[in-house]
Each structure stands twice: as structure tokens, then as C-alpha cells.
Amino acid sequence: MSDATTAAQAPVRRNKGGAGDEGGMGYLSSLPRRVVTVYLPLAVFIFVLLFPFYWMSITAIKPNHELTDYKNFSPFWVVHPTLEHIKYLLFESSYPQWLWNTMVITIAATVISVVVSVLAAYAIERMRFSGSRTVGLSIFLAYLVPPSILFIPLAVMVFKLGLYDSKWALILTYPTFLVPFCTWLLMGYFRSIPYELEECALMDGASRWQILVKIILPLSIPGLISAGIFAFTLSWNEFIYALTFIQSSENKTVPVGVLTELVRSDIYEWGALMAGALFGSLPVVILYSFFVDYYVSSMTGAVKE
Amino acid sequence: MNAAAEVALKPAPRRSRGARLLENRNVLSALFLLPSAAILLVFLTYPLGLGVWLGFTDTRIGRPGIFIGLENYEILWHDHVFWLSVFNTILYTVAASVLKFALGLWLALILNEKLPFKAFFRAIVLLPWVVPTVLSAIAFWWIYDAQFSIISYSLIKLGIIDTPINFLGDPTLARASVIAANVWRGIPFVAITLLAGLQTISPSLYEAATLDGAGSWQRFRHVTLPMLTPIIAVVMTFSVLFTFTDFQLIYVLTRGGPVNATHLMATLSFQRAIPGGHLGEGAAIAVAMIPFLLAAILFSYFGMQRRRWQQGGRD
């Protein structure tokens, strides 16, 4: 009897889900079982992964007297939302300046890295010069060199070059981790473009430069977007170089500024700190929300190749 | 006819030596590679060498050093704080990576199920990874507050504990807390990349296994895991590499305290070099990280070789 019902239900569910293509045999498991094995753990995961953001946002709009008074106010909710911390952040601290610095440095480093990487990736992937495989491999190895072993010698160099405490120190050093990543990513993209297109253009008398600009680049726009937004995020999030190479408040980036200047003596301005963290995250989150798929593809592309 | 011939002929005399050189594949590709090579040689390869050299000198901030051989390493050898940081780094890396892998794989398996709003879930899962580490670490700092921690509050309300937990003040708890924060940030990366790997596994393999009588655990053990092994190797190498060299999270949450219980090699190197001024010693600590990184990179290399082999490609 029960066998008959499951047998009858199976095809119906299958049609309803329109599946059979993904999950394959998902129709075999019953609903209560799915609740325990899938929905419940998923809910816990989502809750844990998102709670810090909720906590950040709610703290940012909590008035100070509610912030530490857990007896009269539930900490999970805000009774009298206030913009006080945000006002302090935007009008009484150097926060707007840090945002501007981060923006300038990030965009400059990203543009430099993407342009340089396009040229390198095209040369490595398509020109087949002698030793292109070795160069490709060394680009990959360069990606694996972490900033935490480079920052001391780089600090010495930055100081000798007279770049200490200037935006250029960061604009020039960020490409050290952006270029290998973008090149690696773009190599994968260029590889997917058929050779025939290039051969046609070559027969028609196009130069290598024309092929790159008129054929390869328009076809690899998704790759360029992936590389660009990823480079943007990486440089926006960078911390150790910015902490080491920048001294004065007016040149700091958001992560460094929030951490070093909003924490004053023993009194933690939690409201302002959280507002600072929230606003510093917003640009990348907004960018991310528009380009989710590009993020995923660049992230998986980086490890897949 | 005449005009056409002229057009065809015209470019020929114009081809100077420079233009012909530009058509040479090697010359042109060298030209294309020049900018990135310049950036990487000047700001990556040279500093790497300089770092190794600095490790052999007694350079301080504002004073060029002289070659002192292995003295820095001898000092470190007898420095129990350094050995503590090595121990911490290994503990931090192993614990965080194992947890990230287990939870990330679990999340990937869940997301690989048929779900409503799957794209939406996948998008929000990745958020912790997108947000600047320092800024989310500041949120964790507040969550771990000794007095007003929301976790302590909830646990007290639920009647599980009586007094607030001193998350970042007690050595063991501080270690657990920074590992938890690191795992929180690392899960999305592992989950989303493994999910991409899972989606490449053909459903027919599972169907075949089911027909042969495999249960869900056996399907996971004998189909999913072997198919996923190469990508797991690569993802986990990246994860280990980034965890091992982590700096930001520790710097925000504990700065190595309490009593150096959470000092990693990267934070110790920063502390000795920049606020402490001993650039040489800091560089030596950084250099001491390199053997570990090389081991991870070799592991990744063989992982990728195997993947290529599995995909049927030539070596």
C-alpha cells in the first residue's frame, strides 16, 4: 500500500519540481526527512552567517543608553532608533575622507591591475612565445605569496622610495596580489575564446593589438567584470599594507581608520564603530549584489584552473 | 586595377624594422608582459629577496642594519614567545581548516539539494566572505565583549550559564573565539567552491550507485568524495594558506593577547617589526613561515596534477 502511494507520488513530484536534472533522486526523500536534513541545518547556517550583520546594523542605530542596558531593553531590538552615531561618523570624524581615500586607491589599483593583466594574460595564453608555460606557472606562484611575509621588506622599500604615508604606496603595492589573480582569471577566459576568430582576423590583416582590442576584449567582458569586481573587493578589504604604510589620519583607508581612530582610549564607541563597519562594507556589498554570478565564477575560476 | 595594385603595394615599403620587429611573436609578447613583469619583479620578487636578506641583518626602523648571519634565528630559537606563536599558528590553521572544511562541505551539500530560492541563498551565504575582514572582525569584537556579549546574554537568559563568558580574556577561550570568527569568514569560500565542484558530478553516477544498492552514506563516500577530491585539495590549500598567514582577524580581536595565547607568526612578525622597530627580527619570523607555505603549495600542485589526470588531460 505504502509502496504504491510512493510509486504514484514520485512521478508527480518529479514533474512539479521540473527536475530530474539536478539532485537526481531528490524525489525519493520525504518531506519531514528533508526538513531535518536540509531546511533545518540551512536555517542554522544562514542565521549564524548573517547574525553579525544584523548585530552590526542594530548597534549602529541604537542610542547609547540602550546599548549597554540589557535589563530594560532587549538587546535584540531597538526601541528608539537614532542616527546619532551615523551623524557623528559623517560629520565629526574623518570617515568621509577615509571613504574617499579607499575609493581612490581601490579604483586606481584595480584599473592598473586589470589593464596590465589583460596584456599579460593575452600574451601568455595566445601568443605562445617560448616559455609561456613557465611564465603562467610563475604567475600562479606569485598569487600564493601572502602579504604578511611581504609587508616588512615592502615597508623598507616604500620608505626608501619616499612613498611612505602617501596613497601611491598602496596604489603601487596592491597590484602585487591583484595582478597575479586577475591574470590567472583572464587566462582562463581567453582560453575559452575559439582560435578561429583570431585566425580570421589575422588573415584579414589585423595586428595583434587590433585582435586584442576588437575581438578578444569584447568577447571577454564577463571575464573583465569578474576580474574587476574581484580586484575591487580585494583592494577594498586590504589591511596590512594600509596599516603599515600609512601614518596620518587623512591618508588612511576605511578598515585602518575605523580600527585605529574610532577606538579612543578605554571607551569604545560601539555605535560609531558599528556604523563605520556597516558603511565601510556597503560599497562592496552593493557591488556584490549586482554581480553575484561574476563573483561566484571568479572565485570558482580561481581554484578550478 | 592600377589603384588596387597600388593599395596592395603601399604597405610594403612602409614596413620599417620596428614594425617587422613588432610582428615577431617573442618581441611582441615580451612587450605585452613588460608592465606586469615590472610590477611583480619590483614589488613582489625583489621584496621577497629583500625580506630574506633583512632576516640576516639587525635592521631597525630608521637605521640600516649590518649582516649578522643567523643571529636573528638563534634568538628566535631560544624565544619561547616565537615557539608559542608557531604552536598557535599550527593550532589555528589546523582547527580552523578542519572546521571550515567540514562545515563548508556540509553547507555545499545542502545547497546542492533542490531548494526554493537557491540563487538567493547562495548569494547571501557568500556575504561574510565579501565584507572586509577587519570590519566584520570589529562586529565580532563587539559580539565577544566581556560585559555586553550577546552570546553571554542569550546563554544567561536560557539558563545555561550564570556569569558572562570572558571570550577574549581567557587564553583557551580567546583561541576558540578567534578560530570561530575565522571559520565564520571561511565557510562561504569553501562552500561555494565545493558547490561548484558538486555541480559537475553527473547525476547518473548517483543513479548507478543507487541501483547497485548504495545507501546515502555510501553514495557520499564512494561517489561524491572521490569525484570531489581534487577540488578539495586545491580549495583547502588556498584556505590553509590564507589561514596560516592570517593577520587581520587577530590584530583586531586580540592583538596576540591574552599573554600571547593568540599570537600568530604574522602578528608576532608585525609586532616585532613595526611597533617594536626590529625589522630584521620581524623579517626572520616572516621567513620562518615560508617552509610551511612551500609545503602547502606543493600539496596544491599535486592536487591539480591529479585533477588534470582525472579529467583525462595529458600530464
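The model is a predicted one, in which local features need pLDDT of at least 70 and side-chain atom pairs count only at pLDDT 80 or more, while totals for chains, interfaces and linings use all residues. Residues are numbered from 1 along each chain as its sequence is written, and chains are lettered from A and ligands numbered from 1 in the order in which they are written.

Chain A has 16 helices and 2 strands, and chain B has 16 helices and 0 strands. A residue is called buried if 20 or more other C-beta atoms, placed from the backbone, lie within 10 Å of its own, exposed if 12 or fewer do, and partly exposed in between. By that criterion, buried residues make up 44% of the 305 residues in chain A and 41% of the 315 residues in chain B. Two residues are in contact if their C-beta atoms, placed from the backbone, lie within 7 Å. Among contacts with a separation of 6 or more, residues 24 or more positions apart account for 77% in chain A and for 68% in chain B.

Chain A is divided into domain 1 (26-82) and domain 2 (89-304), with bounds that come from an automatic or database domain assignment. The centres of these two domains of chain A, taken over C-alpha atoms, are separated by 33 Å, and their contact takes 7 residues from domain 1 and 6 residues from domain 2. On the domain 1 side, the elements that give two or more residues are helix H2 (31-60) and helix H3 (64-67) of chain A, and H2(A) gives the most, with 4 residues. Ala, Val, Leu, Ile, Met, Phe, Trp, Tyr, Cys and Pro count as nonpolar, Asp, Glu, Lys and Arg as charged, and the others, Gly among them, as polar; by class, this side of domain 1 of chain A has 3 nonpolar, 3 polar and 1 charged residues.

Further along chain A, the loop between helix H7 (147-160) and helix H8 (167-173) holds Asp165(A), which has a positive phi of about 65° although it is not a glycine. Asp165(A) counts as partly exposed because 15 other C-beta atoms lie within 10 Å. Helix H9 (residues 175-191) of chain A has 17 residues and reaches 23 Å from its first C-alpha to its last, close to the 24 Å expected at 1.5 Å a residue, where the expected span is 1.5 Å times one less than the number of residues. Of the 17 residues of H9(A), 16 are buried.

Turning to how the chains meet, 73 residues of chain B are in contact with 75 residues of chain A. Helix H4 (residues 25-54) of chain B gives the most to the side of chain B that touches chain A, with 17 residues, and that side divides into 57 nonpolar, 12 polar and 4 charged residues.

A nonpolar core is a set of buried Ala, Val, Leu, Ile, Met, Phe, Trp, Tyr and Cys residues joined through C-beta atoms within 7 Å. In the largest one, which has 161 residues, Met274(A), Ile138(B), Ala191(B) and Leu253(B) touch the most other members. Helix H5 (residues 95-127) of chain A supplies the largest share of this core, 15 residues, and the core draws at least three residues from each of domain 1 and domain 2 of chain A. Not counting residues up to four places away in sequence, Ala191(B) touches Gly104(B), Leu107(B), Ala108(B), Leu111(B) and Val125(B).

In chain B, the loop between helix H14 (248-253) and H15 contains Asn260(B), which has a positive phi of about 65° although it is not a glycine. Asn260(B) is partly exposed because it has 18 C-beta neighbours inside 10 Å. Arg255(B) is also found in the loop between H14 and H15 of chain B, and Arg255(B) is partly exposed because it has 14 C-beta neighbours inside 10 Å. Helix H15 (residues 265-273) of chain B is mostly covered, with 9 of its 9 residues buried; Leu268(B) is one of these buried residues, and its C-alpha atom is separated by 9.0 Å from that of Arg255(B), 13 residues apart along the chain.
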